[in-house]
Amino acid sequence: MDISFNKNEDVNKQLVYLLQTKLAEVYKGGGEKNAAKQKAKGKLLARERVEYLIDDDSYFLEIGALAADGMYEAEGGCPSAGVVCGIGYVSGRQCMIVANDATVKAGAWFPMTAKKNLRAQEIAMENRLPIIYLVDSAGVYLPMQEDIFPDKEHFGRIFRNNAIMSAEGIVQISAIMGSCVAGGAYLPIMSDEAMIVEGTGSVFLAGSYLVKSAIGEDVDNETLGGATTHCEISGVTDYKQPNDQACLDSIKNIMSMLGAPQNAGFDRITAAPPKKNEEEIYGLFPKGREKPYNMMEIIERLVDQSDFEEYKKGYGQSIICGLARVEGWAVGIVANQRTVVKSKKGEMQFGGVIYSDSADKATRFIMNCNQKKIPLVFLQDVTGFMVGSRSEQGGIIKDGAKMVNSVANSVVPKFTFVLGNSYGAGNYAMCGKAYDPRFIFAWPSAKMAVMGGSQAAKTLLQIQKGSLKKTGEEISSEKENALLKEITERYDTQTSAYYAAARLWVDGIIDPLETRKIISMGIEAANQAPITKKFNVGVIQT
């Protein structure tokens, strides 16, 4: 291996180490002091509940672990947005798990908490996964109620989704393992079944203090909405459990009796590892986002037997398309090639840029995968579409529009991984978050923005200089350089994978070596939701 391989390997392994360090901190939730308070009540912590619930030695695919990272600092922060979400196996059955973290502001709902819960429900609905709610929340965080309560994609949408899932036959099981108040009380009761832990679980529309102030009644919370009240008097809940462990055991037992899921019919054979060493990805993937590399070398370390059936190999070379298998599942891969290539027409094409011929090829390949019922995997490292008179006269807009149309109208499951750059309309054409990938994950090296950092910083500088000149202020070269540095640093922060993950623009940041497992689990989930919609791209310019 050459020197650049070793340097790349050092940088990428360091990025993974920093990710693992960050996640370890996030997993502490609201900290040791708040954790001790929960333990003193005889309760398991949110992550302990999830670990107890899922099958031994099974993989838990967490969604949004870094949600709200760096946000709400004036309120003391909100690690993981105060809720643990992910896909796990319970009694052998793949399901979505949502567990409030009572160590974070007593499990109160911040704006990102609502967004994360809705994302978990969206995944469950798209894939027809059973969903288990482990409820332990003080309700809406009142100082931010205007950003949580009234809009379409706010708190109320969760209960709407409860109703829709119930009508569609998607199993929902809730466990009330702590507080469950006000509007939040509807979530467990709109599930198929609700159980409650004696002594710690409570559910009511208004707590004792509010009841006292509203109607003057003196009543304690246990009498108002405890396990005995709702299991023996009101009939609101279905099972009374003595402690967290018994409650989770009951869920496992119920899950073991579920009927078999539906089958979408995606093809799978016996899994095989890549022939080429997966760990070499660390050395092959460059440490700088502007550096060229051969995407085929990455693909061959992600697919079974390193076997890739490439589509239109000599045409539209700035996008690689082809068929392969990942842990036995058949997949269609659409990936940005990052080496400079020369077309048969003699045109030199930059790596990571989408040209008319590559957009045309990708469109046809995506349509083929829909015809064959093969899930799609997008590997993003894209700087955008080619610009300039030659491209415009060649019809780059219509060719790009074709690709966007085919991605938007695809009916097969789509899975997106942002490896490096994800800029501008390239993000859209390569199935960014707006195009409904079942999952979208980023490698630690990912960058997401409307354009690259240097171009954006210079553009923003010109705007800021224009504003200052209007006020009569002249800018020295020293001040201009200082402004450019400040703008560049701010923009770079906003384009990082962590900034995206905090806002749930991606479902999480992963070690590149987790990519195969996530694709496999994703298709396994999607296979439980048969395709019912016909593939149709409508009107496209040819």
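Me: How much space lies in the largest cavity?

Reply: Rolling a probe the size of a water molecule over the atoms shows where empty space is left. The model here is a predicted one, and in this model about 120 Å³ of space lies in the largest cavity. The structure holds 5 cavities of 30 Å³ or more.

Me: Which residues lie nearest the centre of the largest cavity, and which element gives the largest share of its lining?

Reply: Of the 16 residues that line the largest cavity, Asn100, Trp109, Val135, Ser137 and Leu187 are nearest its centre. Strand β4 provides the largest share of this lining, with 4 residues, while β3 (93–100), β4 and β5 (172–181) each supply at least two. Sorted by class, the lining has 10 nonpolar residues, 6 polar ones and no charged ones.

Me: What lines the second largest cavity?

Reply: The second largest cavity, with about 60 Å³ of space, is lined by Asn12, Leu15, Val16, Ile281, Tyr282, Phe285, Trp443, Pro444, Ser445 and Pro512. Helix α1 gives the most to this lining, with 3 residues, and both α1 and α11 (281–284) supply at least two. By class there are 8 nonpolar and 2 polar residues in this lining, and no charged ones.

Me: How much space is there in the largest pocket, and which residues are closest to its centre?

Reply: The largest pocket has about 1000 Å³ of space. Its lining consists of 33 residues, and those closest to the centre are Glu122, Met125, Glu126, Asp436 and Arg438. The elements that give two or more residues to this lining are α4 (111–127), α5 (156–167) and α15 (396–409), with the largest share, 7 residues, coming from α4. The lining of the largest pocket has 14 charged residues, together with 13 nonpolar and 6 polar ones.

Me: Turning to charge, how many salt bridges are there?

Reply: Side chains of opposite charge can pair when their charged atoms come close. In this structure the count comes to 22 salt bridges. In one of them, the side chains of Asp69 and Lys22 meet at 3.0 Å, N to O. Asp69 lies in the loop between β1 (61–63) and β2 (83–90) and Lys22 in helix α1 (residues 3–26), so this pair ties together parts that are 47 residues apart in sequence.

Me: Are Asp69 and Lys22 buried or partly exposed?

Reply: Asp69 is partly exposed, with a relative accessible area of 22%, and Lys22 also counts as partly exposed, at 29%.

Me: Which salt bridges have buried partners?

Reply: One of them joins the side chains of Asp136 and Lys43, at 2.9 Å, N to O. This pair links distant parts of the chain, 93 residues apart, with Asp136 in strand β4 (residues 131–137) and Lys43 in the loop between α2 (32–40) and α3 (46–53). Asp136 is buried at a relative accessible area of 4%, and Lys43 is buried at 5%. Another salt bridge is formed by the side chains of Arg516 and Asp304, at 2.8 Å, N to O. Arg516 belongs to helix α20 (residues 515–526) and Asp304 to the loop between α12 (295–299) and β9 (309–311), so the pair ties together parts that are 212 residues apart in sequence. Both Arg516 and Asp304 are buried.

How values were computed:
Residues are numbered from 1 along each chain as its sequence is written. This is a predicted model: local features need pLDDT of at least 70, side-chain atom pairs count only at pLDDT 80 or more; totals for chains, interfaces and linings use all residues. Side-chain values use heavy atoms; hydrogens and water are left out. On a 1 Å grid over the protein atoms alone, a cavity is a set of points where a 1.4 Å probe fits but cannot get out, and a pocket is an open set with protein on both sides within 12 Å along at least five of seven lines; lining residues have an atom within 4 Å of a point. Grid points are joined across faces, edges and corners, and a volume is the space filled by probe spheres set on the points. Ala, Val, Leu, Ile, Met, Phe, Trp, Tyr, Cys and Pro count as nonpolar, Asp, Glu, Lys and Arg as charged, and the others, Gly among them, as polar. A salt bridge is a side-chain nitrogen of Lys or Arg within 4 Å of a carboxyl oxygen of Asp or Glu. Buried means under 20% relative accessible area, exposed over 50%, partly exposed in between (1.4 Å probe, protein chains only).
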